[in-house]
Amino acid sequence: MTDTTGWHLDKRVPIALIAAMSLQTAGALLWAGAAMQRIDYLEREVSASSMIGERTARVEEQMRYLRQSVDRIETKLDRLGDK
């Protein structure tokens, strides 16, 4: 009697099939690793872009205050010139 309850490899399975499946699995793992590197790079770029957006907003706010100051100075100079 033979034991058929356990896992076994039939001699009819060619070595080429085993090699091809191994290469395919290795290729899939390499592809997944490269995809993760690309995702990490894009996440860093998005993070850097959001920092640039925040800095731009701050600079715009400072420019608004600067413009108000220049307008006040011009108004005072105009009043001095009218006297």
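Biologist: What makes Arg67 and Asp71 a salt bridge?

Modeller: Their closest N and O atoms are 3.4 Å apart. The rule asks for a side-chain nitrogen of Lys or Arg within 4 Å of a carboxyl oxygen of Asp or Glu. So the pair of Arg67 and Asp71, at 3.4 Å, counts. Note that this is a predicted model: local features need pLDDT of at least 70, side-chain atom pairs count only at pLDDT 80 or more, and totals for chains, interfaces and linings use all residues. Residues are numbered from 1 along each chain as its sequence is written, and side-chain values use heavy atoms, with hydrogens and water left out.

Biologist: How far apart are Arg67 and Asp71 in helix α1?

Modeller: They are 4 residues apart, so about one helical turn separates them.

Biologist: How do you know where helix α1 runs?

Modeller: Helix α1 covers residues 15–82. Helices are DSSP runs (H or I, at least four residues), strands are too (E, at least two), and both are numbered from the N terminus. The protein chain has 1 helix and 0 strands.

Biologist: Why is Arg67 called partly exposed?

Modeller: Its relative accessibility is 47%. Buried means under 20%, exposed over 50%, and partly exposed in between (1.4 Å probe, protein chains only). So Arg67, at 47%, is partly exposed. Asp71 is partly exposed as well, at 32%.

Biologist: How many salt bridges does a search of the whole structure find?

Modeller: It finds 2. Besides the pair of Arg67 and Asp71, Arg64 bridges to Glu61, with the closest N and O atoms 2.5 Å apart. Arg64 and Glu61 both lie in helix α1, 3 residues apart, about one turn. Arg64 has a relative accessible area of 39%, so it is partly exposed. Glu61 is also partly exposed, at 34%.

Biologist: What makes the charged end of Arg64 sit over the ring of Tyr65?

Modeller: The charged end is 4.8 Å from the ring centre. The rule wants NZ of Lys or CZ of Arg within 6 Å of that centre and within 35 degrees of the ring normal. Arg64 over Tyr65 is listed as such a case.

Biologist: What makes Trp7, Leu9, Val13, Leu17, Ile18 and Met21 a patch?

Modeller: Patches are made of residues with over 30% relative accessible area and no salt bridge; like charges are joined within 9 Å, nonpolar side chains (Val, Leu, Ile, Met, Phe, Trp, Tyr) within 5 Å. Ile18 has 36% relative accessibility, so it is partly exposed. Together the six have about 640 Å² of accessible area, by the Shrake-Rupley method with a 1.4 Å probe; for residues, only the protein chains shown count as cover.

Biologist: Why is Leu29 called exposed?

Modeller: Its relative accessibility is 62%, so it counts as exposed. Leu29 is in helix α1.

Biologist: How do you know what overall form the protein chain has?

Modeller: Its radius of gyration is 35 Å, whereas a compact globule of 83 residues would have one near 12 Å. That radius is taken over C-alpha atoms, and the globule rule is 2.2 Å times the number of residues to the power 0.38. The C-alpha trace spans about 120 × 25 × 10 Å along its principal axes. The C-alpha atoms of Arg67 and Ala26, 41 residues apart along the chain, are 61 Å apart. Those of Leu29 and Gly53, 24 residues apart, are separated by 36 Å.

Biologist: What share of the 83 residues is buried?

Modeller: Buried residues make up 1%. The accessible surface comes to about 8,200 Å², with 63% of it belonging to carbon and sulfur atoms.
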